[in-house]
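Have a look at the structure first, then read on.

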Amino acid sequence: MATSINHDLGSLRCRICGNALFDDALLRFENMPKSAQWLPDINSVEEDCGIDLEVYQCSGCGLIQLCREPVPYYKEVIRATAFSKEMTQFREKQFSSFLNRFELNRSDKKLIEIGCGRGEYLKLLNQFNLCVQGLEWSDSSVAFCNHTGLKVAKGFIDHADDIIEGAPFDSFIMMSFLEHLPNPNATLRGIYNNLSEKAVGMIEVPDYDMICKKRLFSEFIPDHLSYFTRKTIRLVLELNGFDLLSCDTVWHDYIISVVIEKSPKQDAHLFIEEQNRIKKELQSYVSKFSKRRVAVWGAGHQALALLALTETACHIKYIVDSAPFKQGKYSPATHIPIVNPSFLKNDPVDAVVVMAGSYSEEVVTILKNHYPCNNIAAITSNGLTIIRESQ
């Protein structure tokens, strides 16, 4: 008799995006093998029994997935493809193209295979000129690899802060392994943190679209917890810090093969440079006039930030803004009164600095036509621009 799986449906969440899964199972298979690698022998066959397998879909990202614990050996990579001459020839050509594309075929470059099994692909990669090593959980596989001269460490990445000996790496591959993992996000984030800047990688997973197209119901197995499409593989990679460079189907359209690059951290020094430039220009301009003899037109978020970040508030008498709900209030942080435009006539100043963003040109026109102001400047994309200057 098959054993059943009971779930509290309200607790089912997507292993990728965290959204709720649809309440009803997409598919349910009864009396399934409890794992792909469990082959009972004469001593255990009488005790073996099937399981019920339920397949769900995420209501958010759409990922097809199983809601069950992974098989006991999910951290280990077990490959039968090593016995295929056709697969070996395909991989040799594929790896050569990948390494040459990113100029990795050099002795100063390092590549790691995450989940390397018994080194089937490491042997092929060792034909090239770069430094190659593997990470594998199975003790016997690690021992076998090291005995045959391959550089392999025992380990598995299941936390973002896991450190791999030899890191950082310039590239990595992970072949038909991601779909086995209960927490793909944690593993991918851990890989990300062990890579050098601009590192590249290749990841392959079975193609769910192909499974649907060919109606391969027998492809649903307890070992595969996630069933990726081009959309969902891209999502999980981008969520964990990678940019997708290419996405193709290979090996008779059975596999999605993606090439990715570690997303760069944003360089924010240009913002600081611009802040310092505007600060210097604005301070130089307002200091030409007596203190509290300059007005600012504009109480939008950019103007309020500019006044705070350029340290010019002590020179500003008031801020003009046409919005009635802002008038009678004060600028946050700098505490300058916000007033009606009529103050420019009733309580004139020596200069007005327009800080109205995309409305600055319109405000300048209003100033020229309706208010007595001999000195007008504006903050534009080019910095501080002098509009009118008294002789």
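In this predicted model, Glu136 has Lys154 in β6 as its bridge partner. That pair belongs to the topic of how β5 and β6 line up: β5 covers residues 131–136 and runs parallel to β6, with three bridges joining the two strands.

- Seven strands make up an open sheet, and reading across you get β6-β5-β4-β7-β8-β11-β10.
- The pairing in this sheet is mixed.
- β6 and β10 are the edge strands; each has a single partner, so one side of each has no neighbour in the sheet.
- Going from one strand to the next, the twist averages 20°.
- Helix α6 lies across β8, β10 and β11, and runs at about 155° to β10.

**The nonpolar cores**
- The largest nonpolar core holds 42 residues.
- Which residues have the most contacts inside this core? They are Ile114, Phe172, Leu178, Ile203 and Leu237.
- Elements giving two or more residues to this core are the strands β4 (110–114), β7 (169–175), β8 (195–206), β10 (242–250) and β11 (255–262), plus the helices α4 (184–192) and α6 (230–239).
- Take Ile114 as a case: leaving out residues up to four places away in sequence, Ile114 touches Leu135, Ile157, Ile164, Phe172, Ile173, Met174, Phe177 and Ile191.
- There's also a second, separate core of 23 residues, and among its members are Leu130, Val132, Val142 and Leu150.

**Backbone spots to check**
- Ala167 and Pro168 are joined by a cis peptide bond, with omega at about 5°.
- Pro168 sits in the loop between β6 (152–154) and β7.
- Asp253 has a positive phi, near 65°, and is a residue other than glycine.
- You'll find Asp253 in the loop between β10 and β11.
- His335 also has a positive phi, near 60°, and is likewise a residue other than glycine.
- Look for His335 in the loop between β13 (316–320) and β14 (338–339).

- His335 has a relative accessible area of 59%, so it counts as exposed, the cut-off being over 50%.

Terms used: Residues are numbered from 1 along each chain as its sequence is written. This is a predicted model: local features need pLDDT of at least 70, side-chain atom pairs count only at pLDDT 80 or more; totals for chains, interfaces and linings use all residues. Side-chain values use heavy atoms; hydrogens and water are left out. A nonpolar core is a set of buried Ala, Val, Leu, Ile, Met, Phe, Trp, Tyr and Cys residues joined through side-chain atoms within 4.5 Å. Buried means under 20% relative accessible area, exposed over 50%, partly exposed in between (1.4 Å probe, protein chains only). Helices (H or I, at least four residues) and strands (E, at least two) are DSSP runs, numbered from the N terminus. Contact means heavy atoms within 4.5 Å. Two strands pair if DSSP finds at least two bridges between them. Axes are lines fitted to C-alpha atoms, for helices over the stretch in contact, and angles run from 0 to 180 degrees between N-to-C directions.
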